[in-house]
Amino acid sequence: MIAPTLSSIPATSAILHRSFSKEYPTAASGQGVYIQDHTGRLVLDGSSGAAVSCLGHGHKKVIEAIVEQAQQMSFAHTSFFTSDPAENLASVLISTCPDVFSKVMFVSSGSEAVESALKLARQYHLCNGQPDRHIFISRRFAYHGNTLGALSAGFNPPRRDPFQPMLSQAFRHVSPCFFTRDGLPGEDEESYVDRLVAEYETTISSLGSEKIAAIIVEPVSGATLGAVPAARGYLGRLRELCDRYGCLLIFDEVMCGMGRVGTMHAWQSLGGIAPDLQTIGKGLGAGYQPISAILIANKVHAVLERNHEQRPFVSGHTYQGHSIGCAAALATQRAIAEDKLLDNVRRMGERLSRRLKKETPMLKEVRGLGLFQAVEFATATATPPGSSIAAAVASTCLENGVAVYLCSSAVDAVLFAPPFIISESEIDKLVDVFVQSVKQTIEKAK
Ligand code: PLP
């Protein structure tokens, strides 16, 4: 940790911060699972920011890789050049599933990755001689990012509402997949999935199946609903629908992917149903550099390649494939493999889930996979005036030195997504502080 020398000066800050009223401490340094602010206060990063910092902070090998690449060659535009880190990173990513994916496109944020995946789906159909296919089916309460295309695909009302007139009409939203909440009394998981598939069928036939470009879903819903894994059989049924109607299946794994749930790709923990296009971000570069990507299946790439002369994919970004971002992500992925961190994700995820369930029986549900777990509060729990329980607990937790992520207003829940390097004693501290914060919040509200 460095000595705390920086000060927090929000009143004079020239930054348009996320909130006008909040005072932001300055993050001065970080080590392991801790961030230190300008006053020297340590905060346990219990959600890796927003499921980003999977290696924690101050990882030497990643920092060295960034420095080395910056000294060697910082930026060369991808219209002219490729780079070793980008080529090597793409090969590493393909090697996670060589039977499924054959190409990778690198961009800088999750939203950009989603935009590119949507465009690639459209491009696939153009190259395949099906120009009518332009409609995307996604789900209510999905989150796919904040740029206009990604916002159109997603369904987070507070984020969408101000921009509603600017959103695309090419998106239709069906029900989310949330069996433990939306399953009817007496309905089993299989019948619930049948019901959701019937809704897709009705939507597809009312729009005209020949117009559907793709279905896009998060295999484990993250920011809006809070770590909700797809119900058993759901992803396989979507695969069948897409194959039957000739549209593509896109998995948005920006938040739940890259090892977060204990397998490299979340769909590998959910029956092994692979998509045609997959977005990844956040944990890809562990927050050391902004980088995201789209993994492209063999089937899609073959069609794009066959027609590239008549129909080139015209959608580049200045910083796509940035060599320093790729070097950071390559070092991140190597560290995850060399240190066998996915084993730790599974073991610590199991401990986190077990301890949360045991220690917090007053809560409605503890759910999730690996180190991607959410706690939802029972509506009967006392609410402090003007605040959801989750918001009040998250704020008390932060006062007590632990950061947890507040889910959207669609659920009263907080998300735990600590770094993959977290130890047993740090998991215990995370849970202890959380439980104490829940008690304090309820006490304050009385
Ligand atoms: N997709 C999903 C599933 C996400 O959770 C997010 C961000 O939380 C995004 C896309 C957008 O990523 P970014 O904020 O990097 O643009």
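A quick word before the first stop: two strands count as paired here if DSSP finds at least two bridges between them. Keep in mind, too, that this is a predicted model.

Stop 1: Select residues 27–31 and 34–37, which are strands β1 and β2; they run antiparallel and are joined by four bridges. Look for S29, which sits opposite Q36 in β2. Two residues lie between the strands in this hairpin, and G32 takes a positive phi near 60° there.

Which residue of β3 is the bridge partner of Q36? That's L42. The hairpin of β2 and β3 has four residues between the strands, and here G40 has a positive phi near 95°.

**Stop 2: the seven-stranded sheet.** Next, colour the strands β4-β12-β11-β10-β7-β5-β6: in that order they make up an open sheet with mixed pairing. β4 (101–107) and β6 (171–174) are at the edges with a single partner strand each, so one side of each has no neighbour in the sheet. On average, neighbouring strands in this sheet are turned by 20° against each other, ignoring direction.

Zoom in on β7 (residues 212–217) and β10 (residues 248–252), a parallel pair with four bridges. I216 stands opposite I250 in β10. Then show residues 84–95: this is helix α3, lying across β4 and β12 (292–297) and running at about 135° to β4.

Stop 3: In soluble globular proteins, nonpolar side chains tend to be buried together. The largest such core here has 135 residues, and L248, A293 and V414 touch the most other members. Helix α11 (residues 323–338) supplies the largest share of this core, nine residues. Click on V414 and show what surrounds it: leaving out residues up to four places away in sequence, V414 touches A374, V375, A390, V393, A394, V404, Y405, L406 and C407.

**Stop 4: the ligand.** Finally, centre the view on the ligand, which 16 residues surround. Which of them are the closest? Pick out G110, S111, G145, V254 and M255. Helix α4 (residues 110–127) gives the most to this shell, with three residues. Colour the shell by class and you'll get six nonpolar, eight polar and two charged residues.

Notes
Residues are numbered from 1 along each chain as its sequence is written. This is a predicted model: local features need pLDDT of at least 70, side-chain atom pairs count only at pLDDT 80 or more; totals for chains, interfaces and linings use all residues. A residue is near a molecule or strand if its C-beta atom, placed from the backbone, lies within 6 Å of it. Ala, Val, Leu, Ile, Met, Phe, Trp, Tyr, Cys and Pro count as nonpolar, Asp, Glu, Lys and Arg as charged, and the others, Gly among them, as polar. A nonpolar core is a set of buried Ala, Val, Leu, Ile, Met, Phe, Trp, Tyr and Cys residues joined through C-beta atoms within 7 Å. A residue is buried if 20 or more other C-beta atoms lie within 10 Å of its own, exposed if 12 or fewer, and partly exposed in between; C-beta atoms are placed from the backbone. Two residues are in contact if their C-beta atoms, placed from the backbone, lie within 7 Å. Axes are lines fitted to C-alpha atoms, for helices over the stretch in contact, and angles run from 0 to 180 degrees between N-to-C directions.
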